[in-house]
Amino acid sequence: MSVTVPMTATRSAVDAMLQVEGITHVYGQGATAHRAIENLSFTVGPREFVSIVGPSGAGKTTLLRILSGLLTPTEGTVSLVGEPVDGVPEGMAMVFQDYSRSLLPWLSIEKNVMFPLTRTEAGRDERRRIARESLEAVGLADRHDRYPWQLSGGMQQRVAIARALAYRPRLLLMDEPFASVDAQTRSDLEDLVLSLRDRYDMTILFVTHDIDESVYLADRVLVLSRPPAHLVEEIPVPIPHPRDQITTKETDEFVDLRGRVARLIRSGGQPDGGGSR
Amino acid sequence: MSVTVPMTATRSAVDAMLQVEGITHVYGQGATAHRAIENLSFTVGPREFVSIVGPSGAGKTTLLRILSGLLTPTEGTVSLVGEPVDGVPEGMAMVFQDYSRSLLPWLSIEKNVMFPLTRTEAGRDERRRIARESLEAVGLADRHDRYPWQLSGGMQQRVAIARALAYRPRLLLMDEPFASVDAQTRSDLEDLVLSLRDRYDMTILFVTHDIDESVYLADRVLVLSRPPAHLVEEIPVPIPHPRDQITTKETDEFVDLRGRVARLIRSGGQPDGGGSR
Amino acid sequence: MTTTEIRTTDAANPGPAAPGKGGLRGTARLSKRLAVDFGALVVLVALWQLATSAATTPFFPTPLEIVENFGKMFFTGPPEHLFLTDAATGDVFASLWRMLLGYAIGCAWGIIVGTLLGRSRAAREYTDPVVELLRSIPATASLPLFILVLGGGDFMRVAFIAWGVSWFVLINTASGVASIHATMLAMGRAFRVSRVRQLFGIILPAAMPKILAGMRIGLTAALILVVTSEFMVATNGIGFQLIQAQRRFQVLDMWTWMLLLAVLGYLLNTILEVTEGRLLAWHRKARD
Amino acid sequence: MTSDVQPVDAQRRLSRRPTPEGEGRGGRPTRTTRRSRLWRGVVGVLALGLVLEFVTRIGLVSPTFLPPFTTILGEAVDVVGRQDFQEAVLSTVVSWGAGLALSAAVAIPLGVVLGLSQVSYRATRAVLDLLRPIPPIALIPLVILVMGQGLEMKLVLVVFAALWPILFNTISGVHDVDVKAKEMARSFGFSRLAVIRRVVVPSAAPFIATGVRLSSSIALIVVITVELIAGGASGMGTFVAEARAVGNQTEVVYAGTLLIGVVGLVINLLMGAAERRFFGWHTTKDV
Amino acid sequence: GSSDDGATAQAEGPSNRDPQASELETFRVANYRQNGAVPQLAAEREGITEEYGISFEPQWIESSAAGMAALVGSEVDATFSSYTGVIDAARQGIGVRIVAELFREVPNSLTLETLPDSGIEDLADLEGKRVGVVALNTSHDQRINYAMLKEGLDPETVEYVELPFGEMGSSLERGVIDAAVVTGTSLRNVRETLSSRTVLDFGAGIFEEFPSGGWIMRSDFVDENPNAVAAFQCTMIKAQSLVMGNQELYDSVMQEELGFDQEALAITPMLNHPTELDADGIQIVADMMRELGAIDEEFDVESLVVPLPDNC
Ligand SMILES: Nc1ncnc2c1ncn2[C@@H]1O[C@H](COP(=O)(O)OP(=O)(O)OP(=O)(O)O)[C@@H](O)[C@H]1O
Ligand SMILES: Nc1ncnc2c1ncn2[C@@H]1O[C@H](COP(=O)(O)OP(=O)(O)OP(=O)(O)O)[C@@H](O)[C@H]1O
Ligand SMILES: O=C([O-])O
Ligand SMILES: [Mg+2]
Ligand SMILES: [Mg+2]
């Protein structure tokens with residue numbers, strides 16, 4: 001609980017925002033023990049956008065839960081701006097994969113979005129304004145008084161995104177946030193997240209199964225292996241910003257990168273699969 | 001409850017498997033009433049694979065719930081092989097969008113898959129064999145004794161798919177079944193569903209947000225408008241079977257079709273958007 | 001699988017997968033467990049002993065006196081009766097079987113009707129005021145009616161207990177059944193699972209945590225009700241002996257009967273809890 | 001299915017849960033639904049009345065000892081007008097209300113703590129499980145000795161009895177809270193206490209409310225029973241006990257018993273209405 | 001709670017107490033709402049309480065055991081109780097005192113009734129039968145047992161069960177019990193409605209003038225409020241002698257205060273309200289209990305009695 005994400009990223013890029021060292025996680029005990037993550041290490045710089053891809057069940061959600069301080073790893077340490085994480089750090093927000101269960105059914109969607117804002121200094125009106133703004137950004141402003149169960153799956157997912165955005169986190173963890181959203185909305189939301197990253201100096205870790213998306217958004221793509229997850233490769237994405245949904249995806253660089261990621265995933269984390277190109 | 005999907009599609013292709021006529025659905029009443037579907041009509045032939053795409057909140061889930069007999073539409077009728085549907089028809093299976101909530105947490109995943117099989121004549125061993133086979137097909141055979149909450153999101157979704165497949169339905173309704181599954185597994189599952197369609201003579205309605213997927217799988221793509229959903233266009237996909245994840249997607253025909261669908265969706269259901277090509 | 005990257009940490013670190021089962025550690029753990037489970041109780045009883053031996057009122061005998069009387073009252077019978085006294089066999093067993101039978105019937109009835117009400121709005125609307133009215137009449141006040149209609153025998157007592165118990169189970173069952181998530185129910189219907197299997201395979205397991213919570217409350221109620229039912233037209237039973245001891249100011253006996261009730265309640269509840277642990281293992285683990 | 005076409009707020013008020021299947025497909029307009037609910041309730045009560053009238057008239061027992069139901073109803077109307085009865089009602093209701101409020105104030109926080117912490121649950125279990133089965137009525141003479149006066153004595157017994165349903169339903173409700181919802185709140189940096197206040201308690205609230213509803217009946221049962229069998233108390237139970245001891249007031253006894261039920265009914269209906277009003281979400285998340 | 005032990009000697013002597021200087025203005029008194037309550041009600045109506053500067057706040061009880069519980073818990077200051085209950089309590093170390101006799105049994109006031117077709121003709125037929133009594137281990141069941149014992153019968157074979165007076169009739173009719181000990185309106189009801197027959201009269205034969213019960217107070221109360229006790233005793237004695245000679249007063253209290261109708265009144269005889277406190281007379285209750293084995297040693301009633309003041 002003691003670590004605070006700094007409000008402005010004044011440190012040099014050499015300083016790690018997030019440092020993951022030798023993380024291993026084992027679920028359960030004895031015969032049914034399951035080794036989800038194996039000795040995973042990597043570093044994320046301030047304002048960096050890192051995509052995480054890997055096969056289903058690799059341990060991506062487990063990793064995000066560890067980074068957010070919700071789960072203590074069996075082994076290894078996580079540090080935020082140099083200090084070990086031993087609880088949920090201040091200034092962090094998360095979009096959960098199981099979005100429908102992370103919404104509170106007794107609150108309207110506006111109240112759901114306002115929910116974490118009570119922790120900020122904002123007054124009630126200010127909180128409502130911020131919530132409306134976020135709902136507007138995900139295209140749900142006109143539904144603000146509905147309840148989660150009155151929304152479609154994709155809409156619920158967008159509410160969860162709006163809630164995280166409204167919180168203005170310094171560190172944003174997103175677990176397949178656009179899985180249930182249609183292609184057009186998805187493109188819009190991708191660009192929205194990128195622009196908010198710039199506007200609010202956020203550091204973002206983004207789990208996705210969409211390879212195009214992982215490359216389009218990221219400064220770096222982490223490819224995880226089949227379970228127990230370890231790092232297969234880190235692929236930097238040196239495509240300049242701002243990026244464009246159509247033109248960027250047409251560049252050779254992009255096509256090349258997405259090909260590399262795809263092959264790495266297909267090879268299921270065999271290092272040779274990644275190095276063959 | 002009285003309609004039965006015939007076990008073999010002996011009727012001519014002219015006979016509709018599923019006929020949807022003038023369906024309108026309104027949620028709620030008065031000031032908060034929400035018109036989800038507006039006067040929707042279409043027909044699905046036996047053994048046909050129909051993809052349904054449309055913006056988030058269009059009413060796709062609502063539509064599937066109506067087709068499955070779980071929800072009675074405000075207006076309009078649904079007929080299965082000529083008889084009106086007034087309950088859940090025999091021989092139909094559904095993969096729910098809300099997959100994590102459709103699994104029974106007190107049953108191992110094998111038992112979850114076996115759960116609906118008691119309706120068939122199969123004995124216990126036979127049911128177990130079928131369940132194992134289906135879990136094998138979705139890559140979860142080694143986890144058969146785990147419980148849903150011990151699985152990752154994508155794995156839970158695959159359990160829900162395995163359950164539907166094990167049921168050997170004549171009519172299969174799938175609501176974004178691969179949303180949480182990684183790209184590789186997704187490709188595999190797509191091909192699996194196509195092959196099972198052939199093997200078991202299934203008629204499949206498939207809701208997805210992935211345009212490539214909608215075209216790759218389908219014999220016809222239905223594009224729904226922004227809510228209240230109506231039919232923007234039906235796009236036949238005359239690409240011959242068997243299809244291939246790489247070569248099929250490289251054909252001009254495929255690229256052309258996916259472009260049409262994409263533009264239709266982007267235009268948000270304005271008919272001109274669809275006709276401009 | 002992908003062994004290439006795995007460092008040889010497995011052997012060095014058994015991790016939480018290999019819990020120590022050594023004799024010493026095992027004993028230590030057991031005694032710690034016992035300390036947690038019964039520490040508070042022991043401290044309270046000790047305080048009680050101190051307080052009552054200091055005070056001189058005839059109404060508060062010391063726990064030791066009560067326990068001694070307990071042994072004398074119930075376990076000084078002839079060897080051929082396993083040392084059980086007539087009080088143990090005549091009164092305690094009589095009450096126990098009335099209670100258990102009434103409890104079983106009440107639970108069954110409560111679950112059946114509760115499920116029905118949780119499922120069908122029409123049923124609920126027809127019965128809501130009646131259910132509320134009937135369960136509003138205090139059991140004690142309705143005892144004379146039970147005697148009037150069913151006579152003064154064990155049949156009446158069993159019915160009376162079942163009646164009282166059923167409301168707790170019924171209300172909790174209805175509430176548990178009504179709060180099952182719609183998608184789960186839709187799944188059962190979509191696969192045309194038979195109604196019977198929907199009931200036993202989905203509805204009851206899903207509502208089980210709340211049904212069992214109702215059954216625990218019902219168990220408490222059953223003990224209270226069996227005692228109450230033995231206040232009238234009874235010739236034996238715990239309630240009968242208790243009220244007689246109380247009337248005749250046999251304070252030590254009264255405390256002894258109360259201790260017996262407490263012990264019985266504890267035992268029965270432990271049985272219920274073990275059953276619950278079995279039935280709800282999934283629930284507990286899924287929530288961890 | 002019916003719920004699909006009902007306005008949300010009406011649905012919340014009217015029905016704990018939409019009908020799962022089979023009936024009223026396509027739904028009914030709100031006002032009709034409300035009226036039908038009322039109508040069905042009335043039908044149910046009338047049916048019960050008919051059964052009672054029938055039972056009391058088939059000659060099972062002479063009317064001297066069990067008057068016809070309609071006679072009892074008539075007597076009930078008279079009794080309601082009596083000042084001593086009105087005072088009795090007030091006394092009973094005050095004991096009930098204070099006892100229930102106290103029980104809730106003790107049991108809800110305790111239940112939350114025991115529901116969240118395995119250790120505290122295990123540490124207190126033995127004590128609670130030994131105390132719980134002791135019938136409150138068995139405590140009457142003892143409590144009279146210690147407490148002396150009427151209201152406090154009733155309160156102690158009521159709290160002792162009404163604690164358990166709230167406690168166990170709270171524990172069970174707290175156990176049941178979706179981990180994902182708790183994790184969400186924790187991920188936003190809410191303190192343990194804040195998670196409890198903002199997620200655990202609201203999420204368990206409907207079930208706690210059910211516990212309160214059960215306790216409300218128990219509290220009434222105990223108040224009445226204490227009044228019935230303890231000499232000193234005053235209230236509706238005392239009113240009936242006095243009539244019972246006389247021997248020529250059978251109508252008054254049954255009328256009093258019926259009125260106790262009616263007061264209980266009113267209390268229950270109010271509690272149910274409050275439950276629906278405040279925790280309607282619990283039941284409307286169904287499709 | 002009280003701490004005095006029932007065996008110690010009596011409270012203050014009669015003459016040291018001033019009934020005109022009661023420490024207490026209002027007495028909370030517990031009693032059956034039956035004909036036994038007439039003196040208490042008449043005392044207020046005829047101004048006797050006023051004479052001593054006191055008043056009564058009645059509490060109606062269902063059995064004398066309830067009255068004793070209320071008394072011991074300081075819920076009331078005085079209660080009516082059968083002497084059996086008092087002796088039971090005193091033997092358990094509860095400090096209680098008898099301050100006045102309330103009534104002695106008269107014929108046709110308290111009887112054991114049975115239905116005409118029950119097959120019970122006399123006490124001998126009671127063996128193996130169920131008998132309803134308002135409270136167990138009181139003079140009701142004990143008098144039946146005693147009478148049987150005197151006739152050489154085995155009282156052990158009778159099954160006694162508890163029921164309120166008001167529910168005796170229906171229980172007889174439904175066969176829940178075979179015979180019932182009833183009084184007042186409940187007696188009238190079973191006689192009229194069920195044409196019941198009397199098996200034993202609790203105020204006749206060997207039970208003529210049987211001391212049924214009296215006014216009981218806590219011994220600590222007696223010690224602390226000697227004048228109040230005197231005032232209470234004087235009031236009750238005066239009221240009882242007033243009622244005894246005045247059928248008209250009796251009838252009107254019965255009708256107006258207790259709600260008895262003409263018919264009920266007709267079959268409810270006036271009780272015998274003593275104006276003395278006769279420990280020797282009451283002693284026969286203790287002796288009966290001893291003989292029945294209800295108590296395991298001799299008990300001296302004298303030790304419980306607070307003599308009446310001589311300066312009323
Ligand atoms: N509570 C648990 N108990 C036991 N095993 C678990 C638990 N949670 C997750 N696992 C296992 O850990 C592994 C990693 O799960 P995780 O949810 O992190 O995967 P993921 O990479 O997020 O997958 P997906 O893309 O499907 O969401 C899986 O094999 C899963 O079965
Ligand atoms: N129970 C309900 N009450 C009121 N409105 C509802 C309810 N369920 C769905 N809706 C509304 O109906 C519309 C269609 O919902 P539906 O779930 O069918 O959309 P969808 O096309 O499946 O969207 P998605 O792709 O996001 O899953 C949405 O606007 C939604 O808000
Ligand atoms: O109530 C009597 O015990 O007399
Ligand atoms: Mg995941
Ligand atoms: Mg949907």
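Trainee: What makes the pairing of E176(A) with an oxygen atom of ligand 1 a polar contact?

Mentor: A polar side-chain atom of E176(A) lies 3.2 Å from an oxygen atom of ligand 1. A polar contact is a pair of N or O atoms within 3.5 Å (within protein, one atom must be able to donate a hydrogen and the other to accept it, and residues adjacent in sequence count only if both atoms are side-chain atoms), so this pair qualifies. T62(A), at 2.4 Å, and R143(B), at 2.9 Å, also place polar side-chain atoms within that limit of oxygen atoms of ligand 1.

Trainee: On what basis are such values given?

Mentor: This is a predicted model, in which local features need pLDDT of at least 70 and side-chain atom pairs count only at pLDDT 80 or more, whereas totals for chains, interfaces and linings use all residues. Side-chain values use heavy atoms, without hydrogens and water, residues are numbered from 1 along each chain as its sequence is written, and chains are lettered from A and ligands numbered from 1 in the order in which they are written.

Trainee: Why is the site of ligand 1 called shared?

Mentor: The site is shared because residues from chains A and B surround ligand 1. There are 21 residues around it, K60(A) and Q150(B) being among the closest; a residue is near a molecule if one of its heavy atoms lies within 4 Å of it.

Trainee: What is known of the site of ligand 2, and which chains does it lie between?

Mentor: Ligand 2 lies between chains A and B. Backbone N or O atoms of Q150(A), at 2.6 Å, G153(A), at 3.4 Å, and G59(B), at 2.8 Å, lie by oxygen atoms of this ligand. The protein covers 94% of the 640 Å² of accessible area that ligand 2 has on its own (areas by the Shrake-Rupley method with a 1.4 Å probe).

Trainee: Why is the pair of F49(A) and F206(A) called tilted?

Mentor: Rings of Phe, Tyr and Trp (its six-membered ring) pair if their centres lie within 6.5 Å; planes under 30 degrees apart count as stacked, over 60 as edge-to-face and the rest as tilted. By this rule there are 29 aromatic pairs over all chains. The centres of F49(A) and F206(A) are 5.7 Å apart and their planes at 45°, so the pair is tilted. F49(A) lies in strand 3 and F206(A) in strand 8 of chain A, so the pair ties together parts that are 157 residues apart in sequence (strands are DSSP runs of E, at least two residues, and helices runs of H or I, at least four, numbered from the N terminus).

Trainee: What makes F160(D) and W164(D) an edge-to-face pair?

Mentor: Their ring centres are 6.2 Å apart and the planes stand at 90°, which is over 60 degrees. Both residues lie in helix 7 of chain D, four residues apart, about one turn of the helix.

Trainee: How do you know whether W164(D) is buried or exposed?

Mentor: W164(D) has 5% relative accessibility and therefore counts as buried, buried being under 20% relative accessible area, exposed over 50% and partly exposed in between (1.4 Å probe, protein chains only). F160(D), at 16%, is buried by that rule too.

Trainee: What places the charge of K210(C) over the ring of F207(D)?

Mentor: The charged end of K210(C) is 4.3 Å from the ring centre. The rule asks for NZ of Lys or CZ of Arg within 6 Å of the ring centre and within 35 degrees of the ring normal.
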